[in-house]
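Hi,

Here is the structure I promised to pass on.

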Amino acid sequence: MKETLLGRSGKALLACAIAAAVGLGAWIAMMNGGLLATTSMSNIFNWGLLIAVFAFLVGFGAGGQFVASYVVLGRRERLMPYATVMQGVAVAGAAGAGVAILADLGHPLHMLALLMHPNPASPLTWDMIALTVFIVVAVIGWLALARDWKSKRVWMAIGLVAALALQVVEGCLFALQSARAWWHSFIMPVDFIVVAFVCGLALAVIVSAASKRQDALGAARSFANLLLAFVILHVVLSLIEVIGLAFESTGGAAMALSLIGRYIVLYLIELALPLAAVLFLKVKEVQGDRAAHDHLIGPSKREYAWSSVLVIVGMFAHRLMLLYPALGGATLFTGLSNQPSAEWAYPVSTGFFAGARETWALTQAYLPSPVEWLSALLPLGIAGLIAILAFGIAARWHDRRPMSED
Amino acid sequence: MAQQITRRSFVQAASVASLGALGAGCLGSAALGSVPAAKALAEEAGSEGAWVRTTCSPNCTGACGTKAFVHDGQIKMIDPAADYPYTHYNPRGCLKGLSINTLVHGPDRLTKCLVRDEASGEMREASWDEALTVAAQKLNATAERYGADSIAVEWQVQGTGHIQKGSLIRLTNMMGWSAIGCYELNGDLPMFWPETFGCQSEELESYCWEDSRYTMIFGSNVMVTRLPDAHFLNYSREAGGKVVTFDPNYCPTAEKSDEWVQLAPDTDGAFALAAAKHIIDNDLYDREFMANFTDQPILIDTATGKRILADAVVGLSAVPAPDYRTSYVMLHGGTPFAVDPEHVGITADADLEAEVDLPLKDGTTAHARTGFSLLRESLEPYTLEYAEEVTGIPADTIARIARECATIKPMHIIFGGAGEQWYHGDLKGRALALLACLTGNIGQLGGGISTYVGQYKTRFNTASWFLPPKLNKKSCAFQYAITGRTPEMTAPFPKEGIRGLVIGWGNPFEQHDVADWLRQARESGEIETVITFEFQHTKTVDYSDVVFPCSSWYEKLELTTTPLHPWVQLQQRMVEPPGEAADEIWICKELACHLNPDLADQWPEFDRDQSQEVSEQVCRLLLEKGGPTIDHLTLEQLREGPGKLAHANPGEKRIPFWEQVHNGDPFPTVSRPNAYDVTAKFVRSGRIEFYRDEDIFLSLDEQLPCYKPAFVDTEWKDDPDGPQKYPFAYITRNSVFRIHSTYVNDPLMLEMQDETPKCWMNPADAERLGLASGDLVEVYNSRGQVTAALVCDPGMHTGQVIFDQGWWSEYTDGDSYNSLIYPWINPTNEVYYVSSVWSPNMAWNETACNVRLLQKGGALREVMS
Amino acid sequence: MKYGMIIDLDRCIGCRTCAVVCKNHNAEPEGIWWNRVFASGAPNYATAVAVDGGMRSEFLPVSCQQCENAPCETACPTGATYTDENGVVLVDYDSCIGCRYCMVACPYNVRQFNWQKPQGIPATEGTYSYGYPFEVRQDGKLVYTPDRPEGVVEKCTFCVQYTSEGGDPACCVACPANARIFGDIDDPDSAYSQYMKGLVSPKEPYTLGDEYHTDPKVVYMRSSRKADARVGSEGEVTER
C-alpha cells in the first residue's frame, strides 16, 4: 500500500514540483524583464492571468472545505473517506491562491507595508486576512480529519464559516468596485460561494471516480448530483447578471455587454460546457436507472471524471470571464457637458507605448503571454504539490492508525 | 585661401576695420566683463537649480515668454513666464514649446560639425575649422562657376530672431547670394494685402480679439495654429461677442465658436461676395468709409478698364505727389476733381456711384464709371442662391450673417493660411477685405481683417545689423526653380538657376520638397552645394555637404518679435550649447572670414566663447538703431521681462491703419524692411484699392474681387480627366503636435500620436472608395505620394484628403508628403516683385489627389490621437 | 485647507498642453500619462462626433479627480494611497506593493502602473531625464521621485512638489486658455472660489462620474456651445 501510494503520487509530486519550478522561473523572468516586456497586461487590462488563477484556486480552497464540511457535518459516512482529501485540497487551493496573488504584485518587496500599516477599509486587506485565517483553519481542519481528532466536527464547522467568509470577501473584492459594472452586483459574493461549491464538488467527483474503493461510483454519483445543482445555480445567477446589465442603461453596462459579446466563446465555455457535462451525467444516470431498477448503473467512472474535468475547465473560463468584461475596456464614460447622457467611453493611457504599441485605447484584447501562462504554473504547481503531499501524508497516517474506519 | 587665415591674422584684419555703428573696438574688456544674468543665475543656483526666463520662438508666431528650470546643466522642465504686464496675455506656451527640453537634450541634437566625406559620401563629424573651410571652399566654387546669386539662402522667419538669424541675413547681404523670400516660399504671403492695402499685411495683435463683438474666421484654425492666443476669442465670447467660424471641417476653432458655418472647400470668396452684395443691396454699407478711404469713387475708363488720370482730364491737373502715387479723378455732385493721393479721409462727399463722359485733354471723351458702380455690377451674379449653390451655405444663413457682420461692431475677420494658400487665394482675401471695408471696420479697435501666417513681420528697423556696409544684396523667388521661368515674371531668378543652398533654421528637404524637386535636384547634382545651420538632425542635414551645429534658444542670446503681440523679448543662454554647438553669430562671422578674408572688417572680432557678449552688443545696437517702435527699450529692461513696442495711436493696443483712418495718412503702411517707396506704388491712389487696372488683372477679369473655383486653372486645366483621376483636394494642415517640421521628433509628441502619420477623410468619401478608419492608405497624384493611417471624420466636408503636415519622411517610409504639391504661379502675383511683399506665393492647398488602399486595417487603432 | 481644481470646458481649446507639461514636470516615464485630453465621443485626434444633426468636439481633460470619497484609497491595502491634509490623494511609492487594485477601483482610469523600469530618453550622451529633479516626502512618505520605482502605481498629485510650496499645479500654470483654475475650496477669496461663484465668467459646474459617488475635487464648467451650433441662432449677440 505504502509503495503504491508513493509510487503513484511520487510521479505527480515530481510533475507538480517541476511545474512550480518552471512557474517560479517564469515569475523571476517577469520580475527581471519587466511586466511590460513579458506580459500582455496594460493600464486597461491591469489584472491578468495570475488573478484569474488566484480566483480559480481560491474556489478550490473554499470548495474543498465546503465538501469536507458537508461530508463531516452531514455525517455522510459513505463519503467520509473523501473528506480528508478535499480538506487537503482546501489547504492547497488557498495556499496556491495566496502564491498567485503574491506573484502578481508589482513590487513584492514592499509587502512589509501591508504588515506594518494595513488599510482596514480595503477589501484586499480583508482578503489577505480571510485567506490567511482560512489557510490556518483549513490546515487545522485537515489535521483534525487526518488525525481523526475528536474535535473534527467543530473544526469542520469553523472551516465552513471561514470558507464562506473567504468567498464572501472574495466576492466583495470584486463586487464593491463600482467602477466595474460587470462586478458591481450583490450576486457576485453569492456566485463566488456557488462557484466554490462547483469547483470543490467537481474535484470531489474526480477524486471519487479515481478512487479504487468499492462504492466509489456511488460517491461520485452523490457528488455529481450536488454538482448538478450548483452548476445550474451558477448558470442562473450568471444569466441574472447579464439580464441585469442589459437593463442597466449605463456606459459601463454597455461596455461589459459588448465585451461579453467579444468573448462569447469563452462565456459559452464557462456556462454551456459545465451545464452540458453535468446534464450528460444526469441523463446517463436516469437512463441507467430506467434500464435497471434494482441495479445502479449509469455513467462510468471515466465519464464522471471527464465530465467533471469539463466543469473545471468551465470554471477556469469563468475566472477568466471574471476579468474580460470588467477589465477589457475603459470605465469612464462621458457625454457633452451640457447634455444629460454620458455613454462615450473615454480613452485610457495604456502604458503600451513604451512597448511600441498604442498609447491610448478604449478596449484591450488581452491574451496572456507565454511567460504569463508559464508563471501560472507556480501557484498551480504549489497547489498540486500541497494537495498530493496532504493526500500522501494523510494516507500514511491512516495506514498507521490501529483501527481503520473502512 | 580661407584656410590660410590664422586666428591671429583674422583678428588683426578685423581689428583695423571699421565696423560701422558696431565697430571692432567696442568689444573691449570692459564690455566682455558683463556676464549674462540668466547664465549667472543658473550657475549660482547650484544643486538647487534655478528658473531662467527666455522666449520660445520657432516659426509659429507665438513668441511665448517661458522660463526653464535648470539643474545640473540641463533643462528639466519649462513653464510659461507669465510676466506680461497685460495679464490676459498670461500664460503663453503650448505643448510643444513647453516640452522642447526633450529636443534640446534629445537624441537628434547636433553636437558636432558634420561634413560629407568625399570618399564614402557619408556624413562624418568634423572640427569647426574643417567644416568652415570645406563650406567656404564649396560655396566659393559654386559662386565662381555659376555666380554668387546661384547660391540661394533660406532662413526661417527673422522675427523669431534678429541677432543670430540676423547674422545669416547680414552674411547673405554681403555675399550677393539670393535670399529666398521664405514668407512666400512658405505660402504665407497673403497677396490680397499688397493688392488691396499695398502693404505686406497688417493685423490686430491678439489682445484686440477680446474687443471684437463679431469675429468671422475663414481658413484659420486659431485654436491649433495660434494656440497661445486662442483664448482671446473665448474672452470675446465671454464679453458677449459672437465668433463665427467658416470652415469645410469641424475644426477645434469651430467647436470654440458660437456658430460653425460649413462651406465647400475654397469657396469662401463666393460667400464673401454674396454677403457684400447683400450688404450693398440692403444699404447696410458704410458709404462714408468707402468714399473716404477706398478707391471706389475713382473714375474708371470703361473702354480701357484703366483708372483715369487727373492730368488727362480737361480742366484738371494732378495734385502734386511723389512718383509712387498717382492723382486720379473723382466726382463731386457730378463735377470731376483731381484726387490728392497723399491724403485720405477727405472725400466723404465724393460720388460713390456715378457714370460720366469725361472730356480728355487728348480730345477724346472717356466714358467713365466709379469703381463702386462697377463693383455693384460685378456683384450681380453673386446672389444668395448662387452662393448657396457654390458654398453649400443656406441662402438665409448668408443673408443673416451679412446683416450681422454689417451691424455688429467692431467686426473682425481672420483670414488664415488654409483659405489663402490656394491659387485664387488673393481673390478670396480681396472679397473678405471688401466686407471689412464695407462695414467700416478698418482702423477701429477690435475691427478689420487680419492674416496670421508666419512670424514674418519686421517690427522695427533692422538695417543696423542686417545690412553690412559692404552691401551686396539679392533675392529670388524659389518657385521658378520648379516651374521654370514664365513670360510674366518680374522676380529675379539666378541665371544659372539655384546651384547652392545655405539653409538656416529650416528643413526644406522635407518642407519645400514640392513635386520632389529639391531632392531630385540634389541627387542629380543640379544643386551642388548645401550648407546647413541646424540644431536637430533633420533630413536636410542628410542632404547637406556641411552642417553647423547651432545653439538652441535656451543656449544663446536672441531678440524676438511677432505679429501676434507687442512684446519684444530675449532668448537667453541658460545652459551651455552641447558639444561643439555654437551661436550662429560666431558661425556666420567665421564663415564670412573663410569665404573672403576681406569681409572680416564687416564683423566684430571675437572668439566662440565670446559669442554671448557680442550678441549683447548687437542687441543693444538693434535696439538703439531700431527706430521709434523699439528705441525706448534697453537690453537691461528686456533681461527683466518683455518690453512693449511703441505704436502711434492712443490707448494700450495698437490699431492697424489708425493713422490712415484718423489722421488721413495715405495708404499703404510701411512694409519693413523695405523702404516706403518700394511698396507704396502698389496702391498708387494712396487708398485701399479694390480695383486693379494692371493689364494682367484686366485680362484675367480680376480687376475687382470675384470668385474662381479651385483646380480649374491649375490641376485640371490641361487634363480633361483630372476631376476623375484626382477628385480630392489635398489639404496639408497644421497639427497641434508640430510647428511645421519642428517637434516632429519630440518624444512626448510622438507618444501622443502613436508615432503614426495619419490622413483624414469624410466617411462617405472613404466608404465610396471601400476604405475605413484604420486602413493604411496611400494618398497620391502624378507628382508624388504619401502613406498614412486613415481616420474618418464626419465633421469633414467631402472632397478632401487632409494630411497633417510636418512629418519627417523617416516616419512616412521615406515619402515626402510635399511631393504631391506643385508651386502654381498665379500671374497676378508676378505684376510686381518685392520679396515677401509681392511675389509668387506657394498655394499648398491647390493640389488634387486620390487615395488607394495599401492594407486593410493596417493601422487599426481604436484611438488615433 | 482643501485644494480644488476647476476645468472650464467652455474655455478649454483641446491643445493638450496640460497633459504634456504634466508629463514633463512630473517625470512621467514613457507610456505614462497622468493627464489626458480627448473630445467626448470623438477620441480620434481632430475628428468630430455627429450630435443631433450637428457636430461637436468637446474637449475634456481628465486627470485624477482627487475624490473626496476616493475608491482608490479605499482599495489600497497598504495605505500607500492616502489623502493628505490638503485633501490631495497621494501615493507613497515606498509603500505601494503594486497590486493594482486601486487601478481596478478608479472609475476615471487615471492610475498608471510602472510596467517596467523607466528608461529615460536617449540623449546625445547617455540618457536624459526630464522633470522635477528632487524627491518630495510628506511625513516621510515618498510622494514624488523623479526616479520611479518599477512596479508601483502613480497618478496626479496636484503637483505636490509645487503646491506644497504654495504654487499651482503645472497644468494650471501652463494652460494657455486659462481654463484650469486652482485654489483652496475652503477659502472664499481663493481663485477657485471666485471662479466657482462665477465672478470671472459665469458658468455651470458639474463633476465627472457622479454615478460612482466619488465626490471629486476636480470640477468642470459646462461648455456653452450648442449642439445645433452648425445652424446657429439669431438675435443672441448684443451690440455694444
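Below is what turned up on cysteines and charged pairs.

A word on conventions: this is a predicted model, so local features need pLDDT of at least 70 and side-chain atom pairs count only at pLDDT 80 or more, while totals for chains, interfaces and linings use all residues. Residues are numbered from 1 along each chain as its sequence is written, chains are lettered from A and ligands numbered from 1 in the order written, and side-chain values use heavy atoms, leaving out hydrogens and water.

Cysteines: there are zero disulfides over all chains (a disulfide being two cysteine sulfurs within 2.5 Å). The sulfur of C:Cys22 has its closest cysteine sulfur in C:Cys156, but at 6.3 Å that is too far for a bond. Likewise, C:Cys175 sits 6.2 Å, sulfur to sulfur, from C:Cys15, too far for a bond. C:Cys22 is buried at 8% relative accessibility (buried is under 20% relative accessible area, exposed over 50%, partly exposed in between, with a 1.4 Å probe and protein chains only).

Charged pairs: the total over all chains is 72 salt bridges (a Lys or Arg side-chain nitrogen within 4 Å of an Asp or Glu carboxyl oxygen). B:Asp693 and B:Arg307 form one at 3.2 Å, N to O. That pair links distant parts of the chain, 386 residues apart, and both residues are buried. B:Glu689 pairs with B:Arg692, with the closest N and O atoms 3.8 Å apart. Salt bridges with shared partners also join B:Arg237, B:Glu238, C:Asp8, C:Asp10, C:Arg11 and C:Lys203 into one network.

Cheers

Definitions and conventions
Helices (H or I, at least four residues) and strands (E, at least two) are DSSP runs, numbered from the N terminus.
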